[in-house]
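Here is a friendly walk through one protein chain, written to be read with the model open beside you. Please keep the viewer at hand and click along.

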Amino acid sequence: MKKLNSREIREKFLDYFEKHNHLKIKAASVVPQNDPTLLFINSGMAPLKPYFLGKEEPPNKRLCNFQPCIRTKDIDDVGDRHHLTIFEMMGSWSIGDYYKELACSLAYGLLVDELGFDPKRLYFTVYGGNEALGIKPDHESVEAWKKCGVPEDHIVMLGDDNFWGPAGETGPCGPCTEVFFDCGPEYGPEYKPGKHFDDVSRYIEIWNAGVFMELNKKKDGSFTPLPLKSVDTGSGLERLAMVMNGHDSVYETDLMQPLMDISHKLLKSDGSEAFTKKARMLTDHIRAAVFILSEGVTPSNEGQGYIPRRLIRKCVAALMAKKASKIDFSEMVDLIVEMMSDYYPQIKSAKEMITYNLNNEINDFIPIVKTGLELIEKELAENKSSNKSFPGKVAFDLVTTHGLPLDVLKSDLSDREIELDQAEYDKCYEEHRRASRVISRKGASGDQEKVEELVAKLSTTDFVGYETEETTSKVNLLIKDSEKVDSVKEGESFLFTTVKTPFYGESGGQIGDCGWATAGSAKVEIVDTMKVGKIHVHVANVISGEVKDGSEIQLKVDSEIRSDIKRNHSATHLLHAALHKVVGKHAVQKGSLVRSDRLRFDFQNQSAVTKEELDKIEALTNQWIMENSGSETDLLDYDAAIEKGALALFGEKYDSKVRVISFGENSVELCGGTHVSRTGDIGLMLITSESSVAKGIRRIEAVTGREAYKLLQERNNILRKTSELLSVKPSEFESKIQELKKKSSAKKAAPKKVSATDTKFENENKIEVSGQKIFVAQLNDNADVLKDLGDQLLAKGEYKIICLAGNDGKTIRAFSWVGDDLNKKVKAGDLLKELLKPVGGRGGGKPHFAQGGSPDVASMGKIFSNISNVESFLKEKL
């Protein structure tokens, strides 16, 4: 067989199928679009399910591509020769075109004639049937392979392993036939007909040469015939490269070996089998995390975000267990981007976001792992007699109290050749009734499913709303109470579709258009427009008369509301660009809502956007509005658009041809929405709020145009009335309010005067770290006194970092200060958390100052008996 690198294999595969009239299509995101049955794309056909179900028309009946796939069920198996969490699937498809005989012939021709495989080393498995399901053995595929010249003793009948799918809980599926490569006698005994077929060691699957999709699995587990018979093939690029180049493992291929070299370096590997398994895990997991993070998924405790969190944390724990002094995957990320961005350009454009999320997750997790590993060491040291079995109760405490993930704990124990007492752990688990994590995703409602079924056979709606706001068309479907009807009358609410429409269907965060329609003497109010696949569905009420199926209808969008929506949508693009300029490119869109009266923009950022930053964002956006840049619309290939620098948004589904909206050089995004002709048409944008949506997700709300003018009027009225009440000009408000505050303060008791020079502190600790002087001490006084003393000490300049703590008999109060020249390395809030760890305290604040406390007054002394931990923390940071 030929020795080819991964690039050459890709090209050979695609060229072969293009010569056989298959259309090459671009890879889809690893994040499924409108498919609640999948967490991530796990096969090449998963993004194509609507074609196989007959819900959408494919661009060609024969397709081919290569697709990144994520299989979360393999995470714990990674480390052996060929298991991967992420892999590239090369696939070819026939959608209602050819079937088993040609599929087998094409597969054989590619492997033997094009790639040079020795047919004597190829074995072919087919489905043996299932009487309980009423599915017969696949004799048709057996005969197809024989026609290719395959001897009968190289054809193996197998069971459920050769019934594939669906890609999720429901969907297209059917029997399959797979091709295996004989790795040779050194990997196990030779297959004999009728005996066991070793598909783990000696015989390695290199291609699923045909999933013959003829059935649709329903939610109740039953199967119904599909409207058309199709073929889905798939070959893992990494595994094919391994076999063709004579490697023992997929990790030795040109796709993985350069990354393996970095993994070995990070682990300070000695090349042993144990280190090699760890290096494989690091290589695979970081590679998978990079792909997932590039699609805008952020690490979290549930749903899609749990997977990158789990992958990254396993890698962090592995390095910390090997006493790594620093956790830094930047070299590996750089190489992954360099190796893969030619095929998946979104990785390159999302590099800053990937790095930002990866480092945040690492920094959040390091203290948890550090504490967990120390506690494991302590437990093993104190209980030497049980050092071959780790107590389940202790493990449960580490997981639930200290936050150490169970798989990280098990991995560390496995490295030490120690077993977890799983029975005791499970008992603790049940006693506390802690439910395991369930990843769920909301599916469509019953009504939505009925509407989808009714519109499934319609041709794509011709949307003319970019060019005009009114047109004449023909009604091609009327729906009332989720049923198709022939007519609707006055007073009835209904849904309807037309051959063409100027009404924008809700998508991409932009709400659907509203307006009016007339059909003969009938008058209709359109209150909303939604999209079902590529069909625009109007939500309407009959004001008068009767509307019949097939009738001619005049459609007119509410121009005033459409104009307001366009202003807000264009403003979100400028706002997004301004966020990147002011906050950073990691502040990518995580959601949006574009209405006529306001806009809402969700984006990624770990902390609140400061008032100063919001002012800059608002000012920059309005500067671009006043520049009155023209809007340009281009229709480009998706890859070309990404290469041009256009932003693609997480959660959006894009076709091979995409619409790119540009406002000068300030904003370039992929978008199907409606927009102003020039930025000046927006008029004005005012930010009304900034808030938290979830951990790491912030939200900005704003108004534009008419609503912005209304807000300005309200603010001016408030200023005018306040000016009258205070009897001063608005420019004098601040000084007047300060004057009133002083008068009010004078009526209260004068605050206690304190001096840092004269104060006698308890438990004084004067530390020096990296040439910086640190002062940590106790003083049992009120919070105002402690704050005043800390400010005085910092102002004197002798100490760059100060921690003060005290109690009033009821609670512990603690404060931390970090000088301006150090608070980029050491955050006051992080320092305070370290100080309060011994008493289970909490707190937070700004980089230069933080405050917090604990109700555990009795343990006050522990803070100062554990100062060495604070010193270690500072040494690590400085």
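**Ground rules**

This is a predicted model, in which local features need pLDDT of at least 70 and side-chain atom pairs count only at pLDDT 80 or more, while totals for chains, interfaces and linings use all residues. Residues are numbered from 1 along each chain as its sequence is written, and side-chain values use heavy atoms, with hydrogens and water left out.

**The whole chain**

The protein chain holds 24 helices and 35 strands. Here helices (H or I, at least four residues) and strands (E, at least two) are DSSP runs, numbered from the N terminus. The C-alpha trace spans about 100 × 90 × 50 Å along its principal axes. Of the 878 residues, 49% are buried. The scale for this is relative accessible area: buried is under 20%, exposed is over 50%, and partly exposed is in between (1.4 Å probe, protein chains only). Among contacts (heavy atoms within 4.5 Å) with a separation of 6 or more, 68% are between residues 24 or more positions apart.

**Helix H21**

Helix H21 covers residues 783–796, and its 14 residues reach 20 Å from the first C-alpha to the last. That is close to the 20 Å expected at 1.5 Å a residue, the expected span being 1.5 Å times one less than the number of residues. Which residues of H21 are buried? They are Val785, Leu786, Leu789, Gly790 and Leu793. These residues lie on the same side of H21, because they cover an arc of only 130 degrees around the axis; the arc is that of the directions from the helix axis to the C-beta atoms. Asp784 and Ala795 are exposed, on the face turned away from the buried side. The cover over the buried residues of H21 includes the strands E31 (772–778), E32 (801–807) and E33 (812–818).

Both ends of H21 are worth a click. Just after the helix, Gly797 has a positive phi of about 90 degrees.

**Helix H12**

In helix H12 (residues 392–400), the buried residues are Gly392, Ala395, Phe396 and Leu398. They sit on the same side of H12, because their arc around the axis is only 160 degrees. Covering them are elements that include helix H11 (351–382), strand E10 (389–390), H13, strand E11 (419–420) and helix H14 (422–431).

Glu88 belongs to strand E3 (residues 86–95). Is Glu88 buried or exposed? It is buried, with a relative accessible area of 2%. Its side chain makes a polar contact of 2.7 Å with the side chain of Arg10, and another of 2.6 Å joins the side chains of Glu88 and Tyr344. A polar contact is a pair of N or O atoms within 3.5 Å; within protein, one must be able to donate a hydrogen and the other to accept it, and residues adjacent in sequence count only if both atoms are side-chain atoms. Setting aside neighbours within four places in sequence, the residues in contact with Glu88 include Phe66, Ser235, Leu255, Arg287 and Met340.

**Residues with more accessible surface**

| Residue | Relative accessible area | Class |
|---|---|---|
| Lys55 | 45% | partly exposed |
| Ala381 | 48% | partly exposed |
| Ser770 | 53% | exposed |
| Glu417 | 64% | exposed |

Lys55 sits in the loop between helix H2 (49–52) and strand E2 (62–70). Its C-alpha is 6.9 Å from that of Lys457, although the two are 402 residues apart along the chain. Ala381 is part of helix H11.

Most residues other than glycine have a negative phi. Glu417, in the loop between H13 and E11, has a positive phi near 60 degrees. Ser770, in the loop between strand E30 (762–769) and E31, has a positive phi near 50 degrees.
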